[in-house]
Amino acid sequence: MHAIETLGISKRFGDLRALSDVSFTVGEGETFGFLGPNGAGKTTTIRILTGITAPTSGTARIFGHDIVRETVAARRQMGIVHETSNIYTDLSAWRNLMFAAELYRVGRREREKRGAELLEVFDLADRQHDRTRGFSKGMKRRLTLAMGLVNSPRLLFLDEPTSGLDVQSNLIIRDVIRGLNEDGVTVFLTTHNIEEANLTCDRVAIIDHGRIAAIDSPERLKETIQSVQSVEVAFHPGGRVAADDLAALSRVREVRKEGDKFRLITEDPPGVLEEVMAFAPRAGVRVISVNTRGPSLEDVFIRLTGLDVRTKGVTTAD
Amino acid sequence: MEGWFGQVSTELAAAWAIAKKDILIWYLKPGIIVSGMLFPLFMFLAFAVGRPAEPTVLVPGLVAITILFSASSIEPVSIPIERRMNTFDRLLSAPISLHAVVLGESLSGFLYSIGIALVPLAAGLAVFRAGIVGPAFLVAGVVLTAFCFSTMGTLFAAYPTESPGDIMSMLNLVRLPLIFISGVFIPLSQLPSAGQFIALLSPLTYGSDLIRAGFTGEAHFGPAVDVGLLLVFILVFQFAANLLYRRFND
Ligand SMILES: Nc1ncnc2c1ncn2[C@@H]1O[C@H](COP(=O)(O)OP(=O)(O)OP(=O)(O)O)[C@@H](O)[C@H]1O
Ligand SMILES: [Mg+2]
C-alpha cells in the first residue's frame, strides 16, 4: 500500500488553476520532496492531501483512505507542519504541545513522555514554560515541528520546514527528518530550496504552475541533463566584470552570477577555461579560483521550470 | 459498536481540548470581560432602570441578556484571530469532524456565560429579593440559552474574515434587536400582535421565558415548548455552522 496516492488532482480558485492533473505516489518510508517556485501549488497540494480543502477533481488516498470520504481515518495517521509556524502565542511551549497531542487523542502518560522527549530534541526544554510570544522565529518553527510529531505519525507533512531559518535550527530539523526516515516514517516535504531537496529526499517531484514537470531521485534527475556542465570562476574582489562580457565568450552558453562567483554553462569546460584565462588580462582582472561542475539539481529545476530570468544576457549589479 | 463509540468519545475529547485551550487564552482578556459583562449591564441600565417593573421581570431579563452577550463574546473574537495566526488550520486538519470543532469552540463561550450569569443572578436575589420558585426551569433556561447563543457566536464566526470587528458588527446587528423583540423586559402578553409574532422567531424569547419561569413558576409557552424550541435552535445553529465552515474553507 502507498502512503500517498493521488490521481489526477486539479484545483481551481475561481478562474485560477492552482493545480492541474497532479498524479504521483509516495511509498511507505520514503522521503518525498515537492520542489517548486512560489505559487507553484505546493501548499495547495498539502491542503488537499490533509483534507483541509477538497480538490476540484481527482482523488487522493492516504494509506488507502480516501481523503475526502474517509477524512478522519486518513488524518489519524498524519502529522502536519503548516507553512506558517502556527502556535498559540498566549500559551507556553508545553501547553501548545499538549494541545496538539490532545487533538489526536494521545493519552496523558504518552503525551507527557513524548512531549518531554520532543522538547529535548528540538532544544526547547529550558524554555518550555515560557509563553511562546517571545520565541524567535527558529524556536517557533522547531516547536511547530515538535507539535507535528507529538502524535507519532506514520506520515509527516512538512510545508517548507526550514525556510528562513538559521544554520542551527536547520541542522536540528534536517537531523530529525533523517531520523524519521530511519524509523520508517514517510515524509512529504515541500521546499523551494533545491539543496534541501537534494540532501533529504529519496525522490523529488518538480512542480511548476500547478503541473508536475518531473518525478525522480535527485541523482537521476541530474542525469537527465548530463549535457549541462559548467565552469565556476571567481575574480579578484573589486575587479569589475560584467556577466555580459563573459556571455560574449564563444563557448559560453549561459552565465549565472552566484554570489561572488560566475557560473558559465557550457558543453566544453576546457574550452571555456582557455577563453576565461585569455579574457582576464584583457579585462584587467585576476582569476582567483576556478572549478568545473556537473549538473546540479538546480540546473534540472531551471531547465524544467523554464526559469529563464538568469540566463545569458543578465548583467550583474556590481 | 466499539468503533462508533470510540469516534464519538474521541470527538468529545477533542472538543474539550479545544474549549480548554480557549479558556486558557481568552477568559482573562480584558476585551472579553468588557463585552461579556459590562455590555449587558449597560443594556440593562438603559432599558430597565427607571421603569416600574417587577423583580420577576427585571432579574430574569438581566440574566437573559447577560447570557446573550457573554455566550457570544468569545468565538467571534477568537476564531478570526486563529485564522490570522493560522492556528485555525490545526483545528481544521485534526482527525475530528467539523462538528467537534464547532462544539469545542462553542463550549468555551457556553461555560464563560454560565459563570458570568451567576453575577446578575446573585445580585437579583440579594438586591431585588427575587425568589426562585422553579429551580429546574431556571437551570434549564440558563444552560440552554447559553448553549444556544454560544453556538450562534460560532456560527457568525464562520464568516471568513481575520478581523473580529467584522463579526462583532454583524453579530450586534442581530443581538441588539433580539433584546426588543423577545419580550425580555416587556412581557410577551403585553406586546402588540405583530410583535408577538416576530418574537416567535427569536430564540431569546424561549430562553427568557424559561428563565422567568424559574422566578414565577409559569412560562408563557410552557416549559416543554421552550426547551424543545431552544434545542431546535441549537441544532439549527450547529448544522448551519458546520455547513458554513465547510463552504468557506477553501
Ligand atoms: N485560498 C485561495 N484562494 C485563491 N487563490 C489561492 C488560494 N490558495 C492558493 N491560491 C493560489 O494558488 C496558487 C498556488 O498557491 P500555493 O500556496 O499552493 O503555492 P506554493 O507553491 O505553496 O507557493 P509558496 O512557495 O509561495 O508557498 C497561487 O497562485 C495562489 O495565489
Ligand atoms: Mg506554500
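Mentor: A nonpolar core is a set of buried Ala, Val, Leu, Ile, Met, Phe, Trp, Tyr and Cys residues joined through side-chain atoms within 4.5 Å. Keep in mind that this model is predicted.

Trainee: OK. How many residues has the largest nonpolar core?

Mentor: It has 145. A:I4, A:F157 and A:F188 have the most contacts inside it.

Trainee: Which helix gives the largest share of this core?

Mentor: Helix α6 of chain B, residues 98-127. It supplies 11 residues. Chain A takes part as well: domain 1 (4-218) and domain 2 (223-316) each give at least three.

Trainee: Back to A:F188. What is it in contact with?

Mentor: Leaving aside neighbours within four places in sequence, its contacts include A:I4, A:F24, A:F32, A:T45, A:L49 and A:F157.

Trainee: And what does the second, separate core include?

Mentor: That core has 18 residues, among them A:F235, A:L264, A:F279 and A:A280.

Trainee: New topic. What coordinates the magnesium ion?

Mentor: Ligand 2, the magnesium ion, is coordinated by A:T43 through OG1 and A:E83 through OE. The distances are 1.9 to 2.4 Å.

Trainee: Where do A:T43 and A:E83 sit in the chain?

Mentor: A:T43 is in helix α1 (42-49), and A:E83 is in the loop between β6 and α3. They are 40 residues apart.

Trainee: Why does A:T43 count as partly exposed?

Mentor: Because its relative accessibility is 23%, and buried means under 20%. A:E83, at 39%, is also partly exposed.

Trainee: Last one. Which residues of helix α11 in chain A are buried?

Mentor: A:L297, A:D299, A:V300, A:F301, A:I302 and A:T305. Their cover includes β3, α7 and β9 of chain A.

Technical notes
Residues numbered from 1 in each chain as written. Chains lettered and ligands numbered in written order. Predicted model: local features only at pLDDT ≥ 70, side-chain atom pairs only at ≥ 80, totals over all residues. Heavy atoms only, no water. Buried < 20%, exposed > 50% of the residue type's maximum accessible area, 1.4 Å probe, protein only. Helix = DSSP H or I, 4+ residues; strand = E, 2+ residues; numbered from the N terminus. Domains from an automatic or database assignment. Contact = heavy atoms within 4.5 Å. Donors = N, O, S within 2.8 Å, 3.2 Å for Na, K, Ca; no water.
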